[in-house]
Amino acid sequence: MARPTMAQDIERRIKELILDRALGPGDPLPTETELMELFSSGRVSVREALKALQAVNVVEIRRGFGTFVGSLSLTPFAEGLAFRAVVRQGRGEPGLLELMRVREALETGLVGTVTAGVPAEDLAVLRALAAAMETEAAREGRVTRATDRAFHLALYASLENHLLSEVLDAFWTAMDRVRASVDDGRQDPAVTCAQHHEIVAAVAARDGARAVRAMRAHFDGIRTRLESAAAVPT
């Protein structure tokens, strides 16, 4: 295995500095000059390390103000997922289908846990979003991706797991970007609405098995379309 470069070593040490000082997003980091002195390294290596960390949201460089701990968001992860899927899709491989299968595994594995106790306010939000889908279907002949996305993120809000929310949102972002270049057809909006109402009903009844069945049914349509598309020779 190749030895890390000086810049890569500085990347590691900046991460350790953030951890050692218990810094969080938005907190200031030492200046470039201070980092050079701290790590006994040159300006070029420090700048290279900071740029690499900025690319993955670990640091944020604000010109004229300094360097700060970044948002630590999963945006680079989502972009990597999307790019990988688009490349595979462009080569006739099932890039979008793979993304969908992973998201399906996450959601069907989690929805049963949600039914253990969803707060009344969360149920109200889910019912309102399901009603919004009905309105969209009637007016526009489709359920918008934004409303569908909001429903699925709200569904797991009661778990109070910020990382989970970011991971699920990253998969939505990646799938949306791949779908922009792939025609995967559209599901009947009436079916989409009925499926979401059934998920809400299962969650409200605290019936985990029913919620899992409802979630699997929700994925059946798109999975069938994508599997059919993947089977067509290019």
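Glu60 is partly exposed, with 34% relative accessible area, where partly exposed denotes the range between buried (under 20%) and exposed (over 50%), computed with a 1.4 Å probe on protein chains only. The model is predicted, so local features need pLDDT of at least 70 and side-chain atom pairs count only at pLDDT 80 or more, while totals for chains, interfaces and linings use all residues. Residues are numbered from 1 along each chain as its sequence is written, and side-chain values use heavy atoms, with hydrogens and water left out.

Glu60 belongs to strand E1, residues 59–62; helices (H or I, at least four residues) and strands (E, at least two) are DSSP runs numbered from the N terminus. Contact here means heavy atoms within 4.5 Å. Apart from residues up to four places away in sequence, Glu60 touches Gln54, Gly66, Thr67, Phe68, Val69 and Gly70. Its side chain also makes a polar contact of 3.4 Å with the side chain of Arg62. A polar contact is a pair of N or O atoms within 3.5 Å; within protein, one atom must be able to donate a hydrogen and the other to accept it, and residues adjacent in sequence count only if both atoms are side-chain atoms.

Gln54, one of the residues touched by Glu60, is placed in helix H3 (residues 43–55). With a relative accessible area of 30%, Gln54 is partly exposed. Leaving aside neighbours within four places in sequence, Gln54 is in contact with Val59, Glu60 and Ile61. A polar atom of the Gln54 side chain lies 3.0 Å from the backbone nitrogen of Ile61. The C-alpha atoms of Gln54 and Arg84 are separated by 21 Å and are 30 residues apart along the chain.

An unreviewed UniProt entry annotates residues 4–72 as "domain: HTH gntR-type"; UniProt positions are given in the numbering used here, feature names are shortened, and annotations may be inferred rather than shown by experiment. The span of residues 4–72 is 52% helix and 12% strand, and its end C-alpha atoms lie 23 Å apart.

Next come two loops. Ala22 sits between helix H1 (6–20) and helix H2 (32–39) and is exposed, with a relative accessible area of 64%. The phi angle of Ala22 is near 55°, a positive value in a residue other than glycine. Most residues other than glycine have a negative phi. Glu160, in the loop between helix H7 (145–155) and H8, likewise has a positive phi, near 50°. Glu160 counts as exposed at 75% relative accessibility. The loop between H1 and H2 also holds Thr31, which is partly exposed at 41% relative accessible area. From Thr31 to Arg142, the C-alpha to C-alpha distance is 51 Å, and the two are 111 residues apart in sequence.

Turning to helix packing, helix H4 (residues 75–90) and helix H8 (residues 162–179) pack at an angle of about 35°, with their axes 8 Å apart. Axes are lines fitted to C-alpha atoms, for helices over the stretch in contact, and angles run from 0 to 180 degrees between N-to-C directions. The crossing of H4 and H8 is right-handed, a term used if the near helix is turned clockwise from the far one by less than a right angle, with anticlockwise giving left-handed. On the H4 side, the contact is made by Phe77, Ala78, Glu79, Leu81, Ala82, Ala85 and Val86, and on the H8 side by Ala170, Phe171, Thr173, Ala174, Arg177 and Val178. These residues divide into 10 nonpolar, 1 polar and 2 charged. In this division, Ala, Val, Leu, Ile, Met, Phe, Trp, Tyr, Cys and Pro count as nonpolar, Asp, Glu, Lys and Arg as charged, and the others, Gly among them, as polar.

Arg103 lies in helix H5 (residues 95–114). Is Arg103 buried or exposed? At 4% relative accessibility, Arg103 counts as buried. Beyond its neighbours within four places in sequence, Arg103 is in contact with His152, Phe171, Trp172, Met175 and Phe219. The side chains of Arg103 and Glu107 are joined by a polar contact of 2.9 Å.

Helix H5 also contains Gly112, which is partly exposed at 26% relative accessibility. Not counting residues up to four places away in sequence, Gly112 touches Gly208 and Val212. Gly112 and Met6 are 48 Å apart in space, C-alpha to C-alpha, and 106 residues apart in sequence.

Finally, Gln195 is located in helix H9 (residues 189–204). Gln195 is buried, with a relative accessible area of 12%. Neighbours within four places in sequence aside, Gln195 is in contact with Gln187, Ala217 and His218.
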